[in-house]
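Open your viewer and get ready to click along. Each stop on this tour tells you what to select and what you will find there.

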2 protein chains.
Amino acid sequence: MVSHRTVGRLSLYRRLLNGLAGQGTRNVYSHQLAAMAGATPAQVRRDLMAVGYMGSSTHGYDVSELTKSIGNFLDDQTGQAAALFGIGNLGRAILSYFTGRRPNLSIVAAFDVDENKIGRVIHGCRCYSVEELETVARENDIRLGILAVPAAAAQNVAENMVRAGFRGILNFAPAPLKVPAGVYVEDIDMTMSLEKVAYFARQGARLQAAEIVEQENSRVLETAKGDQQ
Amino acid sequence: MVSHRTVGRLSLYRRLLNGLAGQGTRNVYSHQLAAMAGATPAQVRRDLMAVGYMGSSTHGYDVSELTKSIGNFLDDQTGQAAALFGIGNLGRAILSYFTGRRPNLSIVAAFDVDENKIGRVIHGCRCYSVEELETVARENDIRLGILAVPAAAAQNVAENMVRAGFRGILNFAPAPLKVPAGVYVEDIDMTMSLEKVAYFARQGARLQAAEIVEQENSRVLETAKGDQQ
DNA sequence: ATCACGGCGTGAATAAATTCACAAGGAATT
DNA sequence: AATTCCTTGTGAATTTATTCACGCCGTGAT
Ligand SMILES: NC(=O)c1ccc[n+]([C@@H]2O[C@H](COP(=O)([O-])OP(=O)(O)OC[C@H]3O[C@@H](n4cnc5c(N)ncnc54)[C@H](O)[C@@H]3O)[C@@H](O)[C@H]2O)c1
Ligand SMILES: NC(=O)c1ccc[n+]([C@@H]2O[C@H](COP(=O)([O-])OP(=O)(O)OC[C@H]3O[C@@H](n4cnc5c(N)ncnc54)[C@H](O)[C@@H]3O)[C@@H](O)[C@H]2O)c1
């Protein structure tokens, strides 16, 4: 029902709202959120329609109420547990990053094939052998996986995840995962992202003049009526 | 001119083509590439229009020729050098990943504020103090940056990059970067991605039945004429 | 030869995402 | 109490992305 992109932006808005709450701000307007998120005010308002929280035309949105509403929309009430697969260079970085970040979306187990890692506790997270997957997943009700194993092993590990009842995979391996319908896969492809940066950096240099003109136009229009970006 | 999404997919197609070449495949059809990339054949063909290489209707695309064409389109002939900022948990993983991967898009310098890291060589990459940025960037003609410093430092570091003439930034810090027009920023936001997975995993469970039906329909149609996905 | 098949490139159609633009309303000001 | 200002929510319009669908062309079978 609600789009892919909207869900992503809602997550971003929530983080921005947390930042605002941290510095004591109590309410916020769509144009402020938009400026922080790099979106337009209209887009922010439209995205917020999905969560069903309504702002006031005089004070905008109440920061803590809106945060709560986005939480209701995005989060599972029971909290969702995730498992990490592959405790290599990237896996360890991810563990350190997600440890103690969002209370109700945390990595509760890690899996690897390396004997040296199995049984250890890294960043507060116990490390298991992949053989134990079904058991550990069932016991902890884990349905989300983060895949950080070598590309050659990725498909195989993904299939084990599916067999263990996983419903979502965040995939860092540069390999196209084939999973049955109903399992959601989100890829993070760093090579692709870096190549995009390289391409558009080049292009941007070429188009810079034009963009600056365009930007100045919108700056001018901003003072006129309506929501300009 | 050519869209954001198309550039990303071209990068993906290239990786898939490299895989095919590695296993000795000499030519490939749009529907095969589409299946591997999770796209439709029509989309593949349309994306390839951007690079200007034409396939044959009988043998599809020549793997090595197409790879070369995509390279001409995506890559800078002079090769683009990138610098890494922040050699922490994530930075080190990134260094290990990109080292010796793409020949003409590599990380040639790393910057940090930590005295213990400055002067060392990590994964074949020399580590400098951020004070040396302007000099090192000029000497090595670096215009791309990978930002992996703590969120609180990100904006500041980004401004230094811009001052040093950088045109593109791959940003891992969960902080909204404000840069002048003409500088391209691509964000990789792992928290957002994981929250998307959590959301759609839940949703997918709910919609699974419907999706399966839909998938079976398209399987059936696949044998009929036209390009179905 | 002729024909049928399967795939390519691409204009046209469709779908999806974003933006415009305006009614409605609350507070401050006159 | 009327006016002004600035905001929200949302239909409608627009822009962007994807998919359809068909003309064309080599190839291999008849
Ligand atoms: N390092 C990065 O920054 C980076 C960036 C982008 C993508 N990636 C991708 O992420 C993945 C991991 O990268 P890395 O640098 O951490 O690699 P790594 O070699 O450091 O770590 C891989 C880990 O996976 C484990 N492993 C191997 N097979 C396994 C299996 N079948 N089941 C469970 N665990 C298994 C290994 O024991 C090892 O601990 C790779 O696919 C890589 O391409 C890494
Ligand atoms: N670890 C992860 O997997 C992960 C995932 C997503 C996002 N991130 C983000 O990436 C960034 C880095 O994460 P990390 O886990 O590597 O953190 P980290 O603390 O391990 O490393 C940060 C590094 O940046 C250096 N640094 C600090 N200020 C600097 C400055 N002004 N200039 C240059 N270097 C500076 C520090 O010395 C340190 O080496 C953070 O913004 C984090 O939120 C990390």
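Select the interface residues of chain A (contact means heavy atoms within 4.5 Å): 100% of them are also interface residues in chain B, so the copies meet through the same surface. Before going on, note that this is a predicted model, where local features need pLDDT of at least 70, side-chain atom pairs count only at pLDDT 80 or more, and totals for chains, interfaces and linings use all residues. Residues are numbered from 1 along each chain as its sequence is written, chains are lettered from A and ligands numbered from 1 in the order in which they are written, and side-chain values use heavy atoms, leaving out hydrogens and water.

A rotation of 180° with 0.0 Å of shift along its axis does it, at RMSD 0.0 Å. That is the relation of a two-fold axis.

Next, pick DNA strand C and show what is near it (a heavy atom within 4 Å). You will find 23 residues, and the closest include B:Ser30, B:Arg45 and B:Tyr61. They divide into 5 nonpolar, 11 polar and 7 charged, with Gly counted as polar and Asp, Glu, Lys and Arg as charged.

Terms used: Copies are superposed by least squares on the C-alpha atoms of residues with pLDDT of at least 70 in both.
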